[in-house]
Amino acid sequence: MKRNQSGEDYLEAILLLSREIEFVHRIDVARRMNVSQPAVQKAINILINGGYIRTDGMHIYFTDRGKEYAESVYARHCTIRRFLSMHGVSEQTADADACEIEHVISEETFLMMKNYISAAQVDKDGD
């Protein structure tokens, strides 16, 4: 998928829901994202056509490709949030900013943040 904020947000929401409940439904996604069910249906159709998810009419499931992509989006989010928090940004602001930054960050900058966090963890563990 070409990086697309809306599609990535839906994939991330489905991923997080799938970690909380056994079967993800469209209504669960609508509630999580605070959007209408028709908006969810439109996004679901786009994600199905992209090969990221499938449904059985009621439940939403990831394809292997979709799960891998959703996990990479969420990993970017978590890394950015942690990096910002390490630099004194409040948890609430870091989470909100990470939601925006995760969609536009370059790979170079993301890897810098990831490496910084890893190095800081090694330093912390080595003390």
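Me: Which residues lie nearest the centre of the largest pocket?
Reply: Asp9, Glu12, Ala13, Leu16 and Cys99 do, out of a lining of 13 residues. A pocket here is an open set of points on a 1 Å grid over the protein atoms alone, where a 1.4 Å probe fits and protein lies on both sides within 12 Å along at least five of seven lines; lining residues have an atom within 4 Å of a point. Bear in mind that this is a predicted model, where local features need pLDDT of at least 70 and side-chain atom pairs 80 or more, while totals for chains, interfaces and linings use all residues.

Me: Good to know. Which helices supply at least two residues of that lining?
Reply: Helix 1 (5-20), helix 2, helix 4 (64-86) and helix 5 (91-101) each do. Helix 1 gives the largest share, with five residues. Helices are DSSP runs of H or I with at least four residues, strands are E runs of at least two, and both are numbered from the N terminus.

Me: And how does the lining divide into nonpolar, polar and charged?
Reply: Six of the lining residues of the largest pocket are charged, four nonpolar and three polar. Asp, Glu, Lys and Arg count as charged, Ala, Val, Leu, Ile, Met, Phe, Trp, Tyr, Cys and Pro as nonpolar, and the others as polar.

Me: Switching to packing: at what angle do helix 1 and helix 3 pack?
Reply: About 95°, with axes 10 Å apart. That makes the two helices roughly perpendicular, a label for angles of 65 to 115 degrees.

Me: Which residues make that contact?
Reply: Helix 1 brings Gly7, Tyr10, Leu11 and Ile14, and helix 3 brings Ala39, Val40, Ala43, Ile44 and Leu47; contact means heavy atoms within 4.5 Å. By class, eight of these are nonpolar, one is polar and none is charged.

Me: What about helix 2 against helix 3, what's the angle there?
Reply: Helix 2 (residues 26-33) packs on helix 3 (residues 37-49) at about 110°, with axes 9 Å apart. So helix 2 is also roughly perpendicular to helix 3. The contact joins Arg26, Ile27, Val29 and Ala30 of helix 2 to Gln37, Val40, Gln41 and Ile44 of helix 3. Five of those residues are nonpolar, two polar and one charged.

Me: Last one: how many helices and strands are in the chain?
Reply: The protein chain has six helices and three strands, in the order α-β-α-α-β-β-α-α-α. Its C-alpha trace spans about 55 × 25 × 25 Å along the principal axes. For bookkeeping, residues are numbered from 1 along each chain as its sequence is written, and side-chain values use heavy atoms, with hydrogens and water left out.

Technical notes:
Axes are lines fitted to C-alpha atoms, for helices over the stretch in contact, and angles run from 0 to 180 degrees between N-to-C directions. Angles under 35 degrees count as roughly parallel, over 145 as roughly antiparallel, 65 to 115 as roughly perpendicular and the rest as oblique.
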